[in-house]
Amino acid sequence: MKVAVMGAGAVGCYFGARLVQAGHDVTLIGRPGHVAAIDAHGLRLETRDGETFIPLKAATDPSALDPPDLVLFCVKSADTETAGRALAPKLRPDTAILSLQNGVDNAQRLSAAIGHPVIAAVVYVGTEMAGPGHVRHHGRGELLIGASPRSGVLAATLTEAKIPTTVAADIDQALWSKLMMNSAFNALSAVADMAYGRMFEVAGARDVVTSVIAECAAVARAGGVSIPDDMLEKALALPASMPNQKSSTAQDLARGKPSEIDFLNGYVVRRGAALGIPTPTNLTLQVAVKLIEASRGIGR
């Protein structure tokens, strides 16, 4: 396939690399520093098994694309509509688009902006950009995608490329489950600039996570979304399963970039207000990250 990765950060670069290794024709659309490094040396992929440089096409603007068969849409949530409109002229009617973004409403927002079907996806991977053109993989790497006429074929193709992909019976539940995990850990990791493994060494951190999960579950259920009964158990197990991973929010702040906190805890706060569900812990975490951004002049 011809594959375009729109927003080639850590997630997009990792999955793009796997697709290239499986023989697909991949072009990354990313920031100038990353593109220059990839053009010069290839993408540096660092995993537990070692390090390799993968030759990849890269560009800073979607105008450089040939019309793709598949788009992995990985831009930050705040850029969804703008990036979508920039991509739209390169889409064919049969181009498949997977939204590999944080949050629960990006696929709908993107589809409305470009008038093209978009398949929501939930990403389970630990990655970070360790430098220009350098992606570091900490663990996992699978996708859960929404149902559509093409989802079965896409899942099989991605799985063949060592991206284990399953078609979800209830993608809304999966999106909210991921949002709950992000809401529980992203801001805490960012405020402390700490990987997940040490979080529960701090008294009260476990209680904060428990409160966030309870608030998110109440909001989701009030909106008609079914939430698994074991979400809290899964959340409390996360630090041990990904001890060296810092959240994407922590990585954004470390690079001086605006976070997605308004689309994580902030989304829960807005949705809770609309449904009459109080969300004080989520609000506190949202404001804590916004205060860090303000103190550093991020996003001005």
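Me: Which residues does Thr-281 touch, leaving out those up to four places away in sequence?
Reply: In this predicted model, and not counting residues up to four places away in sequence, Thr-281 touches Val-208, Ser-211, Val-212 and Glu-215.

Me: And where is Thr-281 placed?
Reply: Thr-281 sits in helix α11, which covers residues 280–295.

Me: Buried or exposed, that Thr-281?
Reply: Thr-281 counts as buried because its relative accessibility is 16%, and the cut-off for buried is under 20%.

Me: OK, on to the core. How many residues does the largest nonpolar core have, and which have the most contacts inside it?
Reply: The largest nonpolar core has 58 residues, and those with the most contacts inside it are Met-6, Val-71, Phe-73, Ile-97, Trp-176, Phe-185 and Ile-227.

Me: Which element gives the largest share of this core?
Reply: That is helix α6 (residues 171–192), from which 11 residues of this core come.

Me: What about another core, apart from that one?
Reply: Another core, of 37 residues, lies apart from the largest one, and Ala-8, Leu-45, Ile-54 and Val-123 are among its members.

Me: Back to Met-6, what does it touch?
Reply: Leaving out residues up to four places away in sequence, Met-6 touches Ile-29, Pro-62, Ala-83 and Leu-87, together with Val-71, Leu-72, Phe-73, Cys-74 and Val-75.

Me: What do β6 and β7 make together with helix α3?
Reply: With helix α3 (residues 80–87), β6 and β7 make a β-α-β unit that is right-handed.

Me: Which way do the residues of β7 point?
Reply: In strand β7 (residues 96–99), Ala-96 and Leu-98 point one way while Ile-97 and Ser-99 point the other way, and all of them are buried. In a regular strand the side chains alternate between the two faces of the sheet.

Me: How many bridges join β7 to β8?
Reply: Two bridges join β7 to strand β8 (residues 119–131), and these strands run parallel; Leu-98 stands opposite Ile-119 of β8.

Me: Changing topic: how many salt bridges are in the whole structure?
Reply: A search of the whole structure finds 20 salt bridges. One of these joins the side chains of Arg-92 and Asp-94, at 2.9 Å from N to O; Arg-92 counts as partly exposed at 26% relative accessibility, and Asp-94 is partly exposed with a relative accessible area of 43%.

Me: Which parts of the chain does the Asp-193 and Lys-246 pair link?
Reply: The side chains of Asp-193 and Lys-246 meet in a salt bridge of 3.0 Å, N to O. The pair links distant parts of the chain, 53 residues apart, with Asp-193 in the loop between α6 and α7 (205–222) and Lys-246 in the loop between α8 (231–241) and α9 (248–254).

Me: And what does Asp-262 form with Lys-290?
Reply: Asp-262 forms a salt bridge with Lys-290, and their closest N and O atoms are 2.9 Å apart. Asp-262 lies in the loop between α9 and α10 (265–275) and Lys-290 in helix α11, so the pair ties together parts that are 28 residues apart in sequence.

Me: Which residues are linked in a network?
Reply: A network of salt bridges links Lys-2, Asp-25, Lys-57 and Asp-66.

Note on methods: Residues are numbered from 1 along each chain as its sequence is written. This is a predicted model: local features need pLDDT of at least 70, side-chain atom pairs count only at pLDDT 80 or more; totals for chains, interfaces and linings use all residues. Side-chain values use heavy atoms; hydrogens and water are left out. Helices (H or I, at least four residues) and strands (E, at least two) are DSSP runs, numbered from the N terminus. Buried means under 20% relative accessible area, exposed over 50%, partly exposed in between (1.4 Å probe, protein chains only). Contact means heavy atoms within 4.5 Å. A nonpolar core is a set of buried Ala, Val, Leu, Ile, Met, Phe, Trp, Tyr and Cys residues joined through side-chain atoms within 4.5 Å. A crossover is right-handed if, with the strands pointing away from the viewer, the path from the first strand over the helix to the second runs clockwise. Two strands pair if DSSP finds at least two bridges between them. A salt bridge is a side-chain nitrogen of Lys or Arg within 4 Å of a carboxyl oxygen of Asp or Glu.
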